[in-house]
Each structure stands twice: as structure tokens, then as C-alpha cells.
Amino acid sequence: MPLTAYDLTGRTAFVTGAASGIGRASAVLLAEAGATVHCADRDEQGLHETATLIKTAGGTAHIHPLDVADRTQVDQAVATATAATGRLDVMAAIAGIMHSSPVLETRNEDLDRVLNINFKGVLYACQAAARTMIATKPKASGTSSATGTGTSTPTPTPTGSIITMASGAVDTGGPGLLCYGAAKAAVVQLTKTLATEVGPHGIRVNAVAPGWIRTPMTDRHDTEAQVHTEGIMVRMSPLGRVGEPEDIAHAVLHLASDASAFTTGQILRPNGGVAMPW
Ligand code: NAI
């Protein structure tokens, strides 16, 4: 690892949604950067596949089958993950579902399901992570201001980074995106609010808002023939393509690492230039 700012050796990361798509690619890349990666998802088979990918490449992975919409399960999994190494450095709350329905046809159960997974699932992960990071952060040592005569040593560099997964849907809107977009907008607000509250503890909180990425999720909701190669997102992108999970994983790695040490409360938009909000 020639670029030490991206080196996660000795650090512990927890990734939700790690059984597929963006979450899997992120888990694999964080492990490649040296982190011990705890992979969480409700798809146990997919978790095993991700862990095998990581271990085959020489990394360290543990799996935690869970439903992110269940606060107790999330709290227990984060506690288990933290117990092993005594620290939690990175939380990447990536698990989510797609849902599309016109406003006038949206039912209570649609709204509840999407908010429970895409917003509350992220909230529970953020809360568990921030509490753990605060409780386990390195203590400053060597100060002796009480006597005014001693020397002081620098406060250890805190490493806590929380990454949420928003969406380009919060920038553009679109038919059918009420539930999904509302949940992702709430994730953005959570990200900004939490960043202000835990910054004094040395914890950074940032969101990634991807454009259209080729994953099992977009495959399932592909309503346009050849959408990944010829669809509107390809035509709207100055780069002329949709994204791959690895494009987003690199954004996650950047935010997880010391390379982004002065970045918090921000939304990183790897979207191929489809939207350019300022
Ligand atoms: P995916 O469907 O490939 O992966 C999502 C993962 O989340 C799956 O492994 C699934 O089992 C897991 N999951 C869903 N509900 C869960 C629950 N209740 N508990 C535990 N795990 C659960 O989807 P993809 O595309 O990788 O999406 C990942 C995240 O990125 C999502 O939050 C999505 O909204 C977001 N995103 C995706 C974009 C895309 O174009 N693919 C664009 C913008 C955002």
C-alpha cells in the first residue's frame, strides 16, 4: 500500500448490504486496504460469497446475518464485531432497497417498508457505530496542565468514519421516487446532523450519493431495454456510461480513510456527471 493515507491496516470496518452490489464491492475494497471487515446483510448466502472473496484475496472477514431494520439485531452485531478487536473505525451503512410507485398509488405499507430499511436501517447503524466509536476512542495521555509544569503528548488521531448511502435521487427527483427519495433525503439530513454532533469526538460522517450503478438492484428495476449500455443515464453522463460497484467502493474507501481526514458532513456524488449540484 504505497499511499499510506488509504491504508486501513489494523482498523475494523462494519459494512451493511455487504452481500451484493455496492456493499460487496466496498467490503472487498476496504479489506484490500487492510481493514478487518464485518459484513452484514439479510442474505446469508451472499455474505458467505463476499467473505470468500475477501479471504481468497488474503483479507479478513466476518459475517453477520441481520435485518438492518431491527435495532436490536444491529446493536448486537456491532457489539460482537467490536468485541473482537476492541475498536470500530469505519461504519458503511449501505444496505437498501429500491421501490417505485406513483404518489397517488403509494400505500402506507410501501412507505413504512422503505423508510424502515432505507432510513431507520441507516440510522440504527449510525447510532450503534457512533456510540461504539465514542466509547472506544483512544484517550489523550501525557497532559499535565494541573501542575503547569509537565509536558504534553499529542492527542491520538481519531479514526472514526461513518459513511451513509444516499442517492442521486435526492438531486433529481423523478416519477415513482416518493418513498425511495424521501428515505434518501432523510439519510442526507441524518448525515449532516450527526456530523455536527459527533465531530467534537473526532468522528466524521459523510454520505455517498451514487448515480445509476450496474448492480442486482438496478438489474431488477430495469424497465428500459439495454439501460446499462444505452439508457438515459448513459446519454445524460458526460462520461457516457453508467457506474460500476467498484466506482462507489472507491468513494467509500476515500471517505473511510485518512485521505478524507478534513471531510465531514458532505455528500460525495460519484454519478458520472449526470447531476452537478453545487
Ligand atoms: P443490491 O440490491 O445489489 O444490494 C443491496 C443489499 O442490501 C442486498 O445484499 C440486500 O440483501 C441488502 N438488504 C436489503 N434490505 C436489507 C435489510 N432489511 N437488512 C439487511 N440487508 C438488507 O443494491 P445496490 O445497488 O448495491 O444498492 C446498495 C445501496 O446503494 C442501496 O442503499 C441503494 O439505495 C444505494 N444506491 C444504489 C444505486 C444504484 O444505481 N445501484 C444508486 C444510488 C444509491
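Author: Contact here means that heavy atoms lie within 4.5 Å. The model is a predicted one. With neighbours within four places in sequence left aside, Met-91 is in contact with Phe-14, Thr-16, Val-78, Ala-125, Ala-129, Met-133, Ser-161, Ile-162 and Ile-163. Met-91 belongs to the largest nonpolar core, which has 39 residues. Together with Phe-14, Val-78 and Ile-162, Met-91 touches the most other members of that core. Two or more residues of this core come from each of α3 (71–85), β4 (90–93), α4 (108–136), α6 (178–198) and β6 (204–208). The largest share is that of α4, with eleven residues. There is also a second, separate core, made of 33 residues, and Ala-61, Met-165, Val-208 and Ala-249 are among them.

Now to the ligand. It is surrounded by 30 residues, of which Ser-20, Asp-41, Tyr-180, Ile-213 and Thr-215 are the closest. Sorted by class, this shell holds 16 nonpolar, eight polar and six charged residues. At least two of the shell residues come from each of α1 (21–32), α6 and α7 (216–220), and α7 gives the most, with four.

A nitrogen atom of the ligand lies 2.9 Å from a backbone N or O atom of Val-68. An oxygen atom of the ligand is 3.5 Å from a polar backbone atom of Gly-211. For the side chain of Arg-220, an N or O atom is 2.9 Å from an oxygen atom of the ligand. Taken alone, the ligand exposes 830 Å², and the protein buries 95% of that.

Terms used
Residues numbered from 1 in each chain as written. Predicted model: local features only at pLDDT ≥ 70, side-chain atom pairs only at ≥ 80, totals over all residues. Heavy atoms only, no water. Core = buried A, V, L, I, M, F, W, Y, C linked by side-chain atoms within 4.5 Å. Buried < 20%, exposed > 50% of the residue type's maximum accessible area, 1.4 Å probe, protein only. Near = heavy atom within 4 Å. Polar contact = N/O pair within 3.5 Å; in protein donor to acceptor, adjacent residues only side chain to side chain. Areas by Shrake-Rupley, 256 points an atom, 1.4 Å probe, with all protein chains shown as cover. Nonpolar A, V, L, I, M, F, W, Y, C, P; charged D, E, K, R; others polar.
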